[in-house]
Amino acid sequence: MLDAANKTYIFILAFLASLLFFSNVDLSAQTAPADAPAGSSLEQRVEQRKKERAITLDEKASDRIVDRCVNAQGKIRSIRGTYTGASNNRTNVYKDVDAKLWIIIGSLKLIDKDTFKLEQQRLDLLKQINAFDNSAAQLRQTLDDLAAMNCKADPVGFKALLDTSRLYNAQVRSSFITIRSQIIDHIKPTLSEYADELKIKASSE
Amino acid sequence: MDPNNQPTNPVTPLPGTSPTAGPVAPKNDFDKGGNKGNRTRKIVFIAAGAVMLILAIIGIVASLSSGGSNSRESQDNASVAQPPDLTRVPTSIDIENINNSISSSITGLDDTKDFPEINLNDDSLQL
């Protein structure tokens, strides 16, 4: 026979298991979307997102989307255009920053300065820039698919793509905040350290 | 012979002198070639003049466009500090300039305006 402690322990485990089983937590919505394969068709991408998001719509929700999706597609086209300009502008700025870092690393190497830390920070920055570019490209593709698909014929697909685009939008925002932090909080202080070293060296000579 | 019946010499009228005479036909090949030569010279002068005019226009357009890009370059140079020359030793000022240039590039990006999440919510899309 089980003692009181074991009974309590089993009760707690059962309670947690039931919470998990009956909970309404939609884990699929939190899963990051996978990149659409290169060369995939619109239909393939819609199917991919439907599997990823595992969305179910009741009749009322489905009818609502069918009634309103065409209007939403017009707004999405406009958003897509704005996002293209914003991502191109950011990519150009990031490339400019990277080019300047590359030049300053070369100049510091010329005077035999240890540039390991700055080079590592630049590599991290490059990874973050690539992540931003990828997320922005996936977001643009998803918005294109949203605008192009027959939303009245496939409201579930439309909803899946919309949820996917929201996740990519969040990823893009997160990545450029990370890039800003990398530059402001890490790279700039490192550059200031080199400037201070050279200033001290120049004043002592 | 009757002195009164002397034969009269027929007088050949000079060409072009008669009021009813038509345009003068060239009497020989030299005249034909001369007119052709004048025409050819005129065509050559006109063609040369046209070519010179086209070249002048191209030159003006090229100088205007290079002047425009120079002004654009000077505007860009004014707004962004020049990176240090790789062939000379960097100074602290060079590094500070680069640092400031990077700051101005990044602060020029507005994180609140780009990719706002509100754009894709149901209210904005009226879904």
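Student: How many helices and strands make up the secondary structure of chain B?

Tutor: Chain B of this predicted model has three helices and zero strands, where helices (H or I, at least four residues) and strands (E, at least two) are DSSP runs numbered from the N terminus. Read along the sequence, the pattern of chain B is therefore α-α-α. Residues are numbered from 1 along each chain as written, while chains are lettered from A and ligands numbered from 1 in the order of writing. Because this is a predicted model, local features need pLDDT of at least 70 and side-chain atom pairs count only at pLDDT 80 or more, whereas totals for chains, interfaces and linings use all residues, and side-chain values use heavy atoms, without hydrogens and water.

Student: What is the confidence in chain B, and where is it lowest and highest?

Tutor: On the pLDDT scale, the predictor's confidence in each residue from 0 to 100, chain B has a mean of 72, and 55% of its residues reach 70 or more. Among the helices named for chain B, confidence is lowest in helix α1 (residues 29–79), at a mean of 72, and highest in helix α3 (residues 122–125), at 95. Over residues 70–79 of chain B the pLDDT is below 50, and beyond near neighbours in sequence this stretch has one contact in the model, a contact meaning heavy atoms within 4.5 Å. Where pLDDT is low, the predicted coordinates should not be read in detail.

Student: What is the pattern of elements in chain A?

Tutor: Chain A has six helices and zero strands, and from the N terminus on its elements run α-α-α-α-α-α. Of the contacts in chain A with a separation of 6 or more, 76% are accounted for by residues 24 or more positions apart.

Student: Why is α4(A) called roughly parallel to α6(A)?

Tutor: The axes of helix α4 (residues 59–110) of chain A and helix α6 (residues 155–204) of chain A come within 11 Å and cross at roughly 20 degrees. Axes are lines fitted to C-alpha atoms, for helices over the stretch in contact, and angles run from 0 to 180 degrees between N-to-C directions. Angles under 35 degrees count as roughly parallel, over 145 as roughly antiparallel, 65 to 115 as roughly perpendicular and the rest as oblique, so α4(A) is roughly parallel to α6(A).

Student: Why is Asp112(A) called exposed?

Tutor: Asp112(A) has a relative accessible area of 72%, so by that definition Asp112(A) is exposed. Asp112(A) is in the loop between α4 and α5 of chain A, and its phi, near 60 degrees, is positive in a residue other than glycine.

Note on methods: Buried < 20%, exposed > 50% of the residue type's maximum accessible area, 1.4 Å probe, protein only.
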